[in-house]
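Hi,

Here is the structure I promised to pass on.

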Amino acid sequence: MTANRKDLICGLVFVVIGLLFAVGSTDLDMGTATRMGPGYFPMVLAGLLILLGLIIAGKSFGQPDAAIGGIPWRAMLLIIPALCFFGFAVRGIGLVPGIFIVALAASFASSKMTPLLAVLLSAGLSIFCSLVFVKGLGLPIQLIGPWVRFW
Amino acid sequence: MELLSNLALGIATAGAPENIFYCFLGVLLGTLVGVLPGLGPTATTAMLLPITFVLPPTPALIMLSGIYYGAQYGGSTTAILINLPGESSSAVTSIDGYQMARQGRAGQALAAAAIGSFFAGTFATFVIALAAPPLTEIALQFGPPEYFSLVVLGLVCSVALAHGSVMKALAMIVLGLMLGLVGTDIYTGAPRFTLDRLELADGINFVAVAAGVFGIAEIFRNMENENTRDAVIAKVTSLWPSREDWRRMVAPILRGTFLGSALGILPGGGAILASFAAYTVEKKVSKYPEEFGKGAIEGVAGPESANNAGAQTSFIPMLTLGIPSNPVMALMIGAMIIQGIVPGPNVARDQPELFWGIIASMWLGNLMLVILNLPLIGIWVRLLQVPYHTLFPAIIAFASIGVYSVNSNAFDLYAVALFGVVGWLLLKLDCEPAPLLLGFVLGPLLEEHLRRAMIISRGDPMIFINFSERPISAVLLTLAAIALVIVLLPSVAKKREEVFVEED
Amino acid sequence: MSFFSLARLGFAGLLAMAPALAHAESVEQFPSGPLTIVVPFAPGGSNDTLARLVGRDLEKKWRQPVVIDNRTGAGGNLGGLAVARSEPDGYNLVMASIGTHAVNPFLYKNMPYDAVKDFEPVTLVAKVDLVVVVHPSLPIKSVQELIDYSKKNPGKLNYASGGNGSSQHLATELFKHLTGADMTHVPYKGSGNAIADLLGGQVPVMIADMPIVAPHIKEGKLRALAVGSAQRSAAIDVPTLQEAGVKGYEAYAWYGLFARGGTPRPIVDKLQTEIAAILHDPRNQTFLRDLGAVPSGNTPDEFAAFQKSEIDKWGEIVKPLGMTLD
């Protein structure tokens, strides 16, 4: 029997998320209808999501298969750490290096990017962001943070 | 006539050269800051607020209002150009607006947004001038059961935001609702799904979710097959709406304006629903429902008009009651207090110059917005001609600092990354992000009003449907039930999916 | 996660070096850069407004930017934490509330900082009056009538608050505790939303911040019964709850500034002198009093004693009520 793998995976993803939330809700008090506890509403929603997931997965059988396509590994491996690094380190290293690093890392997600252009672009962005956000808008963040300031 | 003399006073105040200047300055700064990805109207207004402290009260508040409209329009600009909405209402704009941009019709989308906003702003200004006090009385009839029923209606209708499978759209709404519940339960203080992270105690940041599931997910998708698939947008042929575009824009603008004006009056935050509701209506009445989600101009014109009208009428509870219906209005109230004005019902009587001056300046601000932005369209569109591999690192850099600036919270950046991956995965599985975002915004409201209504009624669900006690709630829930039947009717559902499959 | 833990270790090392590298600054030079006032709540509330008021005038005097940094979350604990973890140099202040620096330690099991040890009191900015209001549709004209009405209609009367653990909530629970009044708590997300339902008569009773409800009382849209403080309010002339027969009742909201624990005393004193001068400015005085706030500007020692008395007082009230939030 054929199945539309896209829909099957999709349904299962919803079922799993629903189960995770349901498990997370078990610690919470359900309460009564008058004074619903914090767990009441999430539990109802989790049940609903599991049900919808099962319906989506069930309907996938007997449908023609659909291609799922590629995974942008390179972009993900560069952009995700870049974003996390920025959040983690910007207060410590400051905005100028923060933006430079995040833009530089992101640049190499594209195979069309040349190193020179990437450096120029990242430098330009970090100057622009510093002027706009710190000088212009007064964002409470240092340009060069204490972690990289050795004077 | 009292109204005429009041309006004359307002026009005289707003028309003073100094006030015109500050109104323009506000609109200009608001637009320029608002177009920075990740910076929605709240963040923009909070950042620019201190500038107005040096001014006397009337120009200060006129400038702040200008900043607010400018920031809203700026947020729509990024939603259209790079699929990065700065707030929930422009999430709707990005559905069709971004598709139009990819087809080389960014100019038309931006023009539709500007023109729709201007018309809506003009109409809503008149609504405020003519009927603010009586409308306030009506709005106060909305209690917890009415808000609950309104949100249910909104959620049922939001299935229309997706153009694919109804089941997937419903699942995305439910998932959004659940993500919206993350954080501290307001009734008991219990932390829910916070994974013991203090940063999640106040819930997941909307801007982070929106930047992730829209902006970053789109970048991942464009990077999938960078060399085989062309992420570059189609050639721009013209910037201005054609005669056909105009014909299709008029009715949506009118409907959106009306819907947005009505919803914006509710002090509990009805304006959130305005753009979603307008999109749903347009899709239902359109002769070309299959074009929605693929670049229908109605899908930009209607919601943008509704959004701006709602933004405008949300001044009503702020001006007449001193109640903020959204965070920007809360900032306006703070600004008034700092200026030495006690907000509340006394403002119209004690400070007529300020009250009517702000109202008259609303129209002026909207006029400036359209004058300022029509020429800017050319510049924005040119920005899109930058090769994609140069554009996207800039989007990521701006989104990083933009999201960070909202709460100065590292965790928000981790959320952007996570939701980028989640959004990409869901896109791959043909699940569209807009219903998820609506659920995310409305989830907390839905639960809050449901539980509050149940406390007030001591657990009696009749509070929602008892027509003699709660007519508004009963009517809204009936409408929601009818809408649900229409959505779930097999024939309708089937037609939707066929349309989807055949065009995929 | 190993990458992050490694990175964190590395950065933690750098971080530890930072204070040693920062050269000491004399009091005369302070402030030589921008100051930050962390507001642990969303823009627009009393807390935020007072911070912006003080910030605006400090900026004028010192000609250094004063940045208002709204860090919301966990009942204000996130904002408190930001300053508890900052440098002890006087450049980072937090606009504390009854929640962040008196009550939360009793309500939250996982308090991320010590409200006393991690902070250096600078000055109390203002006390804000709390006022008992009812919707005019209720046949209630005095505090005694409210108590009687609630007892005659058990389980019927609801009261609103700006949230669990908010000053409005605590003040009402104290009122119930002392009088035996029977009212059910309906929490809202912030006072603004609560006022809308209060005006609409959806929830008819609230002990609310004076600045927010005073205009509505003057318009006759709400009926004021009494104020919670020991003295009558300058904004609306109604009896105090003590005068109305509730023995031993005293409750108000307050907002004050703290620096990071260990900030040099001369810098704290300089901050206090400047901020007290702002609060004693006749224009600010009249304005704040008319709003229903009582500006203070007391010394760091007075403020420390005040904080201690608040902690003791609310500890005694909250513990027997058995309220916890996480």
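Let's start with the aromatic cluster in chain C: ring pairs join Tyr113(C), Phe119(C), Tyr252(C), Trp254(C), Phe258(C), Phe303(C) and Phe306(C). Bear in mind that this is a predicted model. Over all chains, the structure has 26 aromatic pairs. In one of them, the ring centres of Tyr113(C) and Phe119(C) are 5.3 Å apart and the planes stand at 80 degrees; over 60 counts as edge-to-face, so that is what this pair is. Tyr113(C) and Phe119(C) are both buried.

Phe119(C) also pairs with Phe258(C), with centres 6.0 Å apart and planes at 70 degrees, so this pair is edge-to-face as well. What I like here is the sequence separation: Phe119(C) belongs to strand β4 (residues 119-128) and Phe258(C) to strand β10 (residues 253-260), both of chain C, and the two residues are 139 residues apart, so the pair links distant parts of the chain.

Now the charged pairs. Side chains of opposite charge can pair when their charged atoms come close. Over all chains the count is 30 salt bridges.

In chain B, Glu298(B) and Arg248(B) meet in a salt bridge at 2.8 Å, N to O. Glu298(B) sits in helix α12 (residues 298-313) and Arg248(B) in helix α10 (residues 243-264), so the bridge ties together parts of chain B that are 50 residues apart in sequence. Both Glu298(B) and Arg248(B) are buried.

Another chain B salt bridge brings together the side chains of Asp185(B) and Arg192(B), at 3.9 Å from N to O. Asp185(B) and Arg192(B) are buried as well.

Over in chain C, Glu173(C) and Lys176(C) form a salt bridge whose closest N and O atoms are 3.4 Å apart. These two share helix α6 (residues 167-179) of chain C and are 3 residues apart, about one turn of the helix. Glu173(C) and Lys176(C) are both buried. Back in chain B, there is also a network: salt bridges with shared partners join Asp185(B), Arg192(B), Glu447(B) and Arg451(B).

On to the interface of chain C and chain B. The contact involves 43 residues from chain C and 44 residues from chain B. Between them the two chains bury about 3,600 Å², with 60% of that on carbon and sulfur atoms.

Which polar features cross this interface? There are 8 residue pairs in polar contact, both residues at pLDDT 80 or more, and 2 salt bridges. One of the bridges pairs Glu137(B) with Lys221(C), where the closest N and O atoms are 3.8 Å apart.

On the side of chain C that touches chain B, the elements giving two or more residues are α2 (46-62), α3 (77-84), β7 (184-187), α7 (191-199), α8 (210-218) and α10 (282-291). Which of them gives the most? That is α7(C), with 5 residues. By residue type, this side of chain C divides into 19 nonpolar, 14 polar and 10 charged.

Cheers

Definitions and conventions:
Residues are numbered from 1 along each chain as its sequence is written. Chains are lettered from A and ligands numbered from 1 in the order in which they are written. Side-chain values use heavy atoms; hydrogens and water are left out. Contact means heavy atoms within 4.5 Å. Buried area is the accessible area (1.4 Å probe) that two parts lose on being put together, summed over both. A salt bridge is a side-chain nitrogen of Lys or Arg within 4 Å of a carboxyl oxygen of Asp or Glu. A polar contact is a pair of N or O atoms within 3.5 Å; within protein, one must be able to donate a hydrogen and the other to accept it, and residues adjacent in sequence count only if both atoms are side-chain atoms. Helices (H or I, at least four residues) and strands (E, at least two) are DSSP runs, numbered from the N terminus. Ala, Val, Leu, Ile, Met, Phe, Trp, Tyr, Cys and Pro count as nonpolar, Asp, Glu, Lys and Arg as charged, and the others, Gly among them, as polar. Rings of Phe, Tyr and Trp (its six-membered ring) pair if their centres lie within 6.5 Å; planes under 30 degrees apart count as stacked, over 60 as edge-to-face and the rest as tilted. Buried means under 20% relative accessible area, exposed over 50%, partly exposed in between (1.4 Å probe, protein chains only).
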